[in-house]
Amino acid sequence: MKKIELPRKVIVGEGAIYEIKKVCDELNLKTPLIFSGNFTKKFVDIIQGEIGGEVVSPDEEIKKNFKNFGFVCGVGGGSTIDKAKIYAFNNKLPFISIPTAASHDGIASPYASVRGGVSVKTNSPLAVIADTTIISNAPKNLTASGFGDAISNFTAVLDWKLARDEKNEYFGDYAASLSNMSAEIVMQNSKKIFSDISILVEALISSSVAMSIAGSSRPSSGSEHLFSHALDILSEKHKFTNALHGEQCGVGTIVSAYLHEIYSHKNEGGWKEIQGALKDVGAPTNAKELGISKEYVIDALKFAPKVRDRYTVFNKFNIEEYAEKFLKECEVIK
Ligand SMILES: [Zn+2]
């Protein structure tokens, strides 16, 4: 038996934030605890003006006596949304996601990233309010990062197929197609991403929905995500600054697509096209642009297959021995 949980309301568009009162009334939600990031005060003021509630910073120690709240809102970028989502899940409260940037596909998914870890399963947001006026004014590197997270679906789906064929793992055709389509649409529109942000926002929401339908992060998280998680873990350990999640996943997608190409003996991964699309949006395509030293990037690729038990294209190669060679061949390092 499979239990699919999806957001009840998804509002995408200019001025969507002003729909919040209506959405809360329709869902019978009262008295929010609002998690707000550092740069979101003016949007939070609007939200509080509409629905009241109390504002907390995601880094604030959440006191246990927050008993009188009926739901949780997360207003901000990736980490604020994730922390609010986890808090809502732990306290059995409904959650509304209000992203201020299209930086990753957690905006509507039932998964949240935790620092130095992989990701944890939570509930899907009950509603998603994505105001494209706010999101299109987010820093360009956040949008480029979301683009990297969206195109990572290409290799995530290839890895999932590999696990189906070789390990008899459950594979959902519908979830895989939906996830792949999100990547294809943003890829085809790489030159229009900044002028029409709704393309990327909708792709990230579809990508989240694909995970909900699959009941796992498989459709949107494969070997390229293992590479990104490995960089996060190494950055904690060795105290270097990691890049944004989607930026790391974008570079990981180049590596994974390259390996899929060699493995399948055909242009299945299309790593050159992926590299070109990332360049179109100004996203990093190599170690230097990620701002991470070549040595750590090599170490991250060697470590990636061990991050978690997930069968991917990494299992088809001796990564430990050839990491440097592979990274050079797909131009991630010189
Ligand atoms: Zn991701």
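This is a predicted model: local features need pLDDT of at least 70, side-chain atom pairs count only at pLDDT 80 or more; totals for chains, interfaces and linings use all residues.
Local features need pLDDT of at least 70, side-chain atom pairs count only at pLDDT 80 or more, and totals for chains, interfaces and linings use all residues. Residues are numbered from 1 along each chain as its sequence is written.

Domain 1 covers 9–138 and domain 2 covers 141–329; such bounds come from an automatic or database domain assignment. Their centres, taken over C-alpha atoms, are 26 Å apart. Helices are DSSP runs of H or I, at least four residues, and strands are runs of E, at least two, numbered from the N terminus.

The largest nonpolar core has 103 residues. Such a core is a set of buried Ala, Val, Leu, Ile, Met, Phe, Trp, Tyr and Cys residues joined through C-beta atoms within 7 Å. Buried means 20 or more other C-beta atoms within 10 Å of the residue's own, with C-beta atoms placed from the backbone. I129, V186, L200 and V255 have the most contacts inside this core. Helix α8 gives the core its largest share, ten residues. Both domain 1 and domain 2 contribute at least three residues each.

Helix α8 spans residues 198–214. Of its 17 residues, 14 are buried. Just after α8, G215 takes a positive phi of about 75°. Leaving aside neighbours within four places in sequence, V186 is in contact with residues including I199, L200 and A203.

Technical notes
The expected span of a helix is 1.5 Å times one less than its number of residues. A residue is buried if 20 or more other C-beta atoms lie within 10 Å of its own, exposed if 12 or fewer, and partly exposed in between; C-beta atoms are placed from the backbone. Two residues are in contact if their C-beta atoms, placed from the backbone, lie within 7 Å.
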